[in-house]
Amino acid sequence: MATSQQSAGPAAVASQADAVPWMTITVVLAALFMAVLDSFIVVVADPAIEADLHASAGDVQWILAGYQLSYAVFIITATRLADLYGRKRIFLLGVALFTLASVACALSPGAGSLIAARVFQGLGAALMVPQVFAYVTVLVPAARRHSVYGVLGIVMGTATIGGQLIGGLLIGADLFGSGWRLVFWVNVPIGIVLFLLALRHVPKTGSAASRKLDMPGVLVLSTALFLLVLPLIQGQEAGWPWWVWACFAGSAAAFGLFVAIERGLERRGGDPLVPLTLFGQRSFSLGIILVLALYALIYSYYLALSVTMQQGLTMSALGAGLVYAPAATAFFVFSIVASRTIPKYGRRVLEIGAVILASGYLATGLLLVSGPRITPLLVIPTLVLQSVGGGLVITPALNAVLSRVEPESAGVASGVLSTAQQCGGALGVAAVGAVFFGSFRPAAVGRVAAAGHAFAVASFAVFVIAVIAAMIVFLLPKEPTAKA
């Protein structure tokens with residue numbers, strides 16, 4: 001055996017050390033795709049769900065919000081559980097819970113049961129998703145990590161942009177008369193296959209029996225996130241009443257208390273839920289703010305576009321989904337371009353992408369206010385322009401956040417990143433949604449004209465967020481990828 005190893009030579013050993021465990025990565029990325037997809041696929045199914053279950057507007061909003069809320073609140077706790085009990089065990093638990101919750105969603109007889117099932121589906125996603133980022137950080141050699149993050153970004157972007165298209169295709173197919181329920185049934189065979197593959201191909205990592213769960217940190221952080229995300233989701237629908245602002249104030253106080261608890265625990269040599277030293281890394285702290293901004297504009301803009309296509313232009317779910325197809329293709333192609341050019345050009349790729357992204361939103365707004373009535377063909381070119389920029393900046397942004405994180409901190413750093421994605425999405429929907437729905441007045445000027453005006457206003461609002469994201473990109477370290 002020793003002779004065999006010696007004959008392999010240093011080059012073979014180096015090659016093995018630099019190898020990417022693609023089977024493991026493929027399994028966890030498939031779970032990531034499923035979790036992200038279910039944040040968006042339901043948007044295009046909303047009208048069908050509302051009609052079939054006789055759901056109110058508030059019910060429909062909670063079908064979206066229940067998933068996002070449980071997902072966002074539980075993510076960081078899930079990462080610490082993975083550190084304590086092993087990433088594989090928590091990942092498998094997440095896949096199983098997500099799959100069973102998808103069955104419950106598909107069988108739901110009413111809006112209340114569907115909302116409850118979506119909450120549990122969000123918990124399953126929270127258990128799965130942080131483990132994906134952690135596995136990439138722990139298992140992939142630093143020299144190869146940029147390419148894997150490129151694939152990861154493609155998966156997330158395709159699920160985000162393609163969610164509307166996939167949802168439209170599934171609802172349009174109406175297999176066995178399932179209608180909107182097919183968007184949940186599709187998760188079930190995928191989840192079963194993923195569970196079986198994960199049993200075989202996902203390694204056990206991250207278990208640390210000597211550590212303890214920081215329960216005060218868990219309770220205070222969960223409270224802080226709940227008080228932040230709930231009003232962001234419900235504020236627009238409720239008309240921004242006093243309790244929304246009370247929640248924001250309570251959230252700020254809870255976050256302050258959480259920082260104090262974590263600092264005290266670090267001083268005593270304990271295991272804080274979130275080591276605050278992570279935020280001392282410039283790439284991590286700026287990267288988290290960048291992710292907040294990027295996901296704020298993505299979530300909000302595609303929600304506004306879906307409403308514009310379906311309620312403004314009265315398109316079917318399938319027709320609205322097809323509007324996204326060229327943009328999804330552009331995002332896919334330029335995410336690949338980003339993953340291949342980042343090693344050579346570094347931060348410059350993100351800078352170019354951020355400028356193109358912001359230009360795409362500005363171009364959409366200027367086009368719609370210049371006079372033409374909105375049509376799908378009118379906005380598709382600027383949607384593609386946005387996706388070109390998004391592919392170049394969103395994919396490497398994930399690497400910018402996690403590239404310099406030490407493997408022992410990979411779990412909690414991944415949890416913070418995933419939380420930033422969800423909180424950014426909720427913040428964007430609240431802010432841009434208020435602007436969009438405040439401008440959408442079909443009773444005054446007709447549905448098409450109102451949709452065009454509201455979408456133009458939303459485009460300008462998202463352009464402002466994109467400019468902020470671009471400014472952050474220019475502040476990132478010049479080498480966002482880790483050196484070998």
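Modeller: Volumes are the space filled by probe spheres set on the points, which are joined across faces, edges and corners. Please keep in mind that this is a predicted model, where local features need pLDDT of at least 70 and side-chain atom pairs need 80 or more, while totals for chains, interfaces and linings use all residues. Residues are numbered from 1 along each chain as its sequence is written, and side-chain values use heavy atoms, with hydrogens and water left out.

Biologist: Fine. How much space is there in the largest pocket?

Modeller: The largest pocket holds about 760 Å³ of space. It is lined by 30 residues, and those closest to its centre are Asp46, Leu64, Leu303, Val307 and Phe437.

Biologist: Which elements give two or more residues to that lining?

Modeller: They are helix H2 (22-53), helix H3 (57-85), helix H9 (215-238), helix H11 (282-312) and helix H16 (410-439), where helices are DSSP runs of H or I with at least four residues, numbered from the N terminus. H11 gives the most, with seven residues.

Biologist: And what classes of residue make up the lining of the largest pocket?

Modeller: There are 18 nonpolar, nine polar and three charged residues in it. In this scheme Ala, Val, Leu, Ile, Met, Phe, Trp, Tyr, Cys and Pro count as nonpolar, Asp, Glu, Lys and Arg as charged, and the others, Gly among them, as polar.

Biologist: What about the second largest pocket, which residues lie nearest its centre?

Modeller: Phe255, Phe279, Ile288, Val416 and Thr419 do, out of 18 residues that line the second largest pocket. Two or more lining residues come from each of H9, helix H10 (242-267), H11 and H16. The space there is about 450 Å³, and the lining has 16 nonpolar, two polar and no charged residues.

Biologist: Let's stay on H16 for a moment: is Gln421 buried or exposed?

Modeller: Gln421, which has its place in H16, counts as buried at 2% relative accessibility, since buried means under 20% relative accessible area, exposed over 50% and partly exposed in between, with a 1.4 Å probe and protein chains only. Leaving aside neighbours within four places in sequence, Gln421 is in contact (heavy atoms within 4.5 Å) with Phe133, Met156, Val291, Tyr295, Tyr299 and Leu398.

Biologist: New topic, then. Which residues of H8 are buried?

Modeller: In H8, which runs over residues 187-201, the buried residues are Asn187, Val188, Gly191, Leu194 and Ala198. Seen down the axis of H8, they fall within an arc of 120°, so they line one face of the helix; the arc is that of the directions from the helix axis to the C-beta atoms.

Biologist: What do those buried residues pack against?

Modeller: The buried residues of H8 pack against H2, helix H4 (87-107), helix H5 (111-139) and helix H7 (182-185). The face of H8 turned away from that buried side carries the exposed residues Leu196 and Arg200.

Biologist: And what sits in the loop between H4 and H5?

Modeller: Ser108 is found there, and at 1% relative accessibility it counts as buried. Ser108 touches Leu53, Ser113, Leu114, Ala117 and Arg181, not counting residues up to four places away in sequence.

Biologist: Which loop holds Lys204?

Modeller: Lys204 lies in the loop between H8 and H9 and is exposed, with a relative accessible area of 75%.

Biologist: One last thing: what is the phi of Thr314?

Modeller: The phi of Thr314 is near 50°, a positive value in a residue other than glycine. Most residues other than glycine have a negative phi. Thr314 lies in the loop between H11 and helix H12 (317-323) and is exposed, with a relative accessible area of 59%. A positive phi, near 135°, is also found at Gly371, which follows H14.

Conventions. 1 Å grid on protein atoms, 1.4 Å probe; cavity = no way out; pocket = protein on both sides within 12 Å on 5 of 7 lines; lining within 4 Å. Expected span 1.5 Å × (residues − 1).
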